[in-house]
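Q: I've just opened this one up and I'd like to know how the labels get decided. Can you take me through them?

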Amino acid sequence: VQTDLVQFMQDIIDRFEMLQHEHLRFIRNLPERKIMVQIDTDKMTQVVDNVISNAIKYSPEGGTITIAASLHGRKIKVSIADQGVGIPKNNVSKIFDRFFRVDRARSRDLGGTGLGLAITKEIVLAHGGDIWAESEWGQGTTIHFTLPLKKVKGE
Ligand code: ATP
Ligand code: MG
């Protein structure tokens, strides 16, 4: 379906804000105008939910979750940044692997399966986008993903 990704993101963030996570604040750096993309909205909701849920889950001290979107040529890039526990350098690229979890003991306490980001990546790739992480152990994590803009007729 053709969807305005900006409104789509606003609606999801609104929903998370209504849950009123203690000590957590959301900052939105989203474009003022519509950005049309061709997405499966159920699947893309799963993507954004998974990434924001992780940002909350791995931010035990709270802090700020900053959600940004910006245009890069024929793609839109969405970035979701937290100030949580972070990921050790040598593990950053592994978090998209099935069942990979940074700290098994801690992760077990927090619950989950370690499948969230593997599914997330599969969905983003199926949409013609890409996904990667940047993180500093103890400082926070940013997940970036891209999506191609809707093709214009005649292209
Ligand atoms: P679930 O299947 O419920 O999502 P999960 O959150 O453990 O379980 P993933 O979402 O796939 O699994 O994430 C994999 C691992 O990557 C996590 O266990 C965690 O160690 C690490 N991780 C993911 N997001 C973050 C984040 N924002 N900050 C710190 N670590 C993260
Ligand atoms: Mg998860």
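Q: Why is Arg 104 called exposed?
A: Arg 104 has 10 C-beta neighbours inside 10 Å, so it counts as exposed. Keep in mind that this is a predicted model, where local features need pLDDT of at least 70, side-chain atom pairs count only at pLDDT 80 or more, and totals for chains, interfaces and linings use all residues. Residues are numbered from 1 along each chain as its sequence is written, while chains are lettered from A and ligands numbered from 1 in the order in which they are written.

Q: Where does Arg 104 sit?
A: Arg 104 is in helix α3, residues 104-110. Helices here are DSSP runs of H or I with at least four residues, strands are runs of E with at least two, and both are numbered from the N terminus. Between the C-alpha atoms of Arg 104 and Gly 114, 10 residues apart along the chain, there are 9.8 Å.

Q: What pLDDT does the chain average?
A: The average is 93, and 96% of the residues score at least 70; pLDDT is the predictor's confidence in each residue, from 0 to 100. The model also scores ipTM 0.99 and pTM 0.95.

Q: What makes β2 and β6 edge strands?
A: Two strands pair if DSSP finds at least two bridges between them. The open sheet has 5 strands in the order β2-β4-β5-β7-β6, with mixed pairing. β2 (24-29) and β6 (131-136) each have a single partner strand, so one side of each is left without a neighbour in the sheet.

Q: How many bridges join β6 to β7?
A: There are 6, and the two strands run antiparallel. Glu 136, for one, has Gly 140 in β7 as its bridge partner. In the hairpin of β6 and β7, with 3 residues between the strands, Gly 138 takes a positive phi near 85°.

Q: Which residues come nearest to ligand 1?
A: Tyr 58, Arg 101, Val 102, Gly 112 and Gly 116 do, out of 22 residues around ligand 1. A residue is near a molecule if its C-beta atom, placed from the backbone, lies within 6 Å of it. Helices α2 (41-57) and α4 (116-126) are the elements that give two or more residues to this shell.

How values were computed
Buried ≥ 20, exposed ≤ 12 C-beta atoms within 10 Å, placed from the backbone.
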